Amino acid sequence: MEPLLPMLVAAPLLMGGVLLALPRQHVLRHLLGMGTLAAMLVGAVALVIVTSDGSVLAHQIALWPGGISIPFVADAFSSLILAVAAIMGAVSFQYMIASGEARSPSITAFVLVLMGGVAGALLTADLFNLFVFIEVMLLPSYGLLVILSRRSDMGGSRLYVTVNLLASTLFLAGVGLMYAVEGTVNLAELAGAAESPATAIAAAVCLAAIAVKAALFPVHGWLGRAYASASPAVAALFSGLHTKIAIYIVYRIGSVVFEGDDTWMLAILVLAAATLVVGAFAALGEAELRPLLVFQMISGIGFILVGVALFTPLGLSAGIVYMVHHMIVMGCLLLIAGAIEQTYGSGRLDRIAGLRTREPLLTAAFVVGALSLAGLPPFSGFVAKFALVLASADADNVLIAALLIVISLVALMSMMKVWAAMFNGKRHSDVEQLAAEARIRARENLFDDDTVDSAAVDVEAAHAIEHHAPPRGAITAEEDPHEHRGTRAPARLIVPALVLAALSVGLGLGGELMLSLAEQAAAGLIDTSAYVQAVIGR
């Protein structure tokens, strides 16, 4: 199985390069892209199965000696996160195909190169190579943002690029400091090295850079601006990959280099608590669905980091379960937001209403995602939050346990706000015009601030009303021609969110299996001897 490790990185990178060379609009582009992502998922699942007993796989590129070769290593933790990342990549790419965002010839290649960088960042055991793979991951991300951003709003893309370049520079400085102090940047050779104050400071510089990329309080503000201007599929893809890779690195450095040092873990706990509080309350103040969800995502980052800050077997396993749950559920909700925006032309809570009666599939996906985010049974969020609260109480952090419960109630309030505004209530009279204008903009490839002819909008809206029969059993009202008249959101846009919603249900009902995998991953983080042995042989 060891040779599979570099293949999981190289295959998507090579295929991405091949697809760039294909002629424009080639029919094979999407097929090869989805096939590569599916193969990546199969490989990641195989790694999960092999490492689920605590085994650690390692492979040195070309059998070069340590210090020269690129060490790849897979344990239960990295394998599990890689598998979920592959799922998010495949589902988000399917949404791009369904929404037409993948029409641009470079999009498929960018997604594959991004996934290659993600695999490399998760599997490498070297800090400099980690920096390289983060950059490999970010370069196509810049392209995806620029090509697929809301075309009248490039400010978010510029902010994303600027913040990540600065954070990468800081991370590279931390890696340089580490090499100057220890003479190596191999993670296995750095096991426990944070006992030295100089090494601890170098590692802290790396973590500070990663905190920016993870959007940890107080450096979280850029995320809402950048993700709100991205396309829905890109926002969902990034939510499941970029910030989660950063959190993965915090878990890895915290366990290998710091070995769960109490002082440093307390600092992470304070920042995690502040992040989950600020994110949750900021979400309550948002008037648009996507920014609201992005702040919920920031709050969720705080939840995940509580797990590593506790640094107990229960805390780490609960944090890992929460990370898996959060990747899936936030992707689900962001894809729902995307389907609403693309269908009705707006994500404002005060512009769209009455989706409950018109969009049953969309409503079902939202209900599952919202209740899971709030932590209600039988969804994955319940398992994750319950485990995290128990772990906090078990570590005598009763205040943190109480805070997690309170913030979960705040998350529920945010979801109820969305439900009351967008899904419940009576539709606005101009909803057909909004939806018609959105379709015209998409069809004619217009900028958000381009003017659309009002007569064309009226014709498009009338055509939709005429050709959308009311659902079976619905009661139409003569005084309101829009009442109960068929769905507008295409099923192809809703299916990716439904897949993720089903996964959330499955993880909730099959929580024991997920907890078992997370416990094995947590055991490998607490006792890193097998990781070190696999990488450097001692």
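Me: Is Val27 buried or exposed?
Reply: This is a predicted model. In it, Val27 lies in the loop between α1 (4-21) and α2. Its relative accessible area is 72%. The cut-off for exposed is over 50%, so Val27 is exposed.

Me: Which residues make a nonpolar surface patch of about 320 Å²?
Reply: Val27 is exposed, at 72% relative accessible area. Val27 also belongs to this patch.

Me: What is the C-alpha to C-alpha separation of Ile49 and Ala76?
Reply: Ile49 sits in helix α2, which spans residues 28-51. Ile49 is exposed, with 58% relative accessible area. In sequence, 27 residues separate Ile49 from Ala76. In space, their C-alpha atoms are apart by 8.6 Å.

Me: Is Ser78 buried or exposed?
Reply: Ser78 is placed in helix α3, residues 76-99. Its relative accessibility is 0%. Buried requires under 20%, so Ser78 is buried.

Me: Which residues does Ser78 touch, not counting those up to four places away in sequence?
Reply: Ser78 has 0% relative accessibility and counts as buried. Contact here means heavy atoms within 4.5 Å. On that basis, Ser78 touches Val73, Leu122, Leu123, Tyr248 and Arg252.

Me: Which residues of strand β1 are buried on the two sides?
Reply: In a regular strand, side chains alternate between the two faces of the sheet. Strand β1 covers residues 57-60, and both of its faces are covered. The buried residues are Leu57 and His59 on one side, Ala58 and Gln60 on the other.

Me: Which residue in β2 is the bridge partner of His59?
Reply: β1 pairs with strand β2, residues 71-74. The pairing is antiparallel and runs over four bridges. His59, a buried residue of β1, has as its partner in β2 Phe72.

Me: Which residues are in contact with Ile304, leaving aside neighbours within four places in sequence?
Reply: Ile304 is found in helix α11, residues 289-310. Its relative accessible area is 0%, so Ile304 is buried. Its contacts are Lys244, Ile247, Tyr251, Gly319, Tyr322, Met323 and His326.

Me: What distance separates the C-alpha atoms of Ile304 and His325?
Reply: Ile304 belongs to helix α11. Along the chain, Ile304 and His325 are 21 residues apart. Their C-alpha atoms are separated by 10.0 Å.

Notes: Residues are numbered from 1 along each chain as its sequence is written. This is a predicted model: local features need pLDDT of at least 70, side-chain atom pairs count only at pLDDT 80 or more; totals for chains, interfaces and linings use all residues. Side-chain values use heavy atoms; hydrogens and water are left out. Buried means under 20% relative accessible area, exposed over 50%, partly exposed in between (1.4 Å probe, protein chains only). Patches are made of residues with over 30% relative accessible area and no salt bridge: like charges are joined within 9 Å, nonpolar side chains (Val, Leu, Ile, Met, Phe, Trp, Tyr) within 5 Å. Accessible areas come from the Shrake-Rupley method with a 1.4 Å probe; for residues, only the protein chains shown count as cover. A salt bridge is a side-chain nitrogen of Lys or Arg within 4 Å of a carboxyl oxygen of Asp or Glu. Two strands pair if DSSP finds at least two bridges between them.
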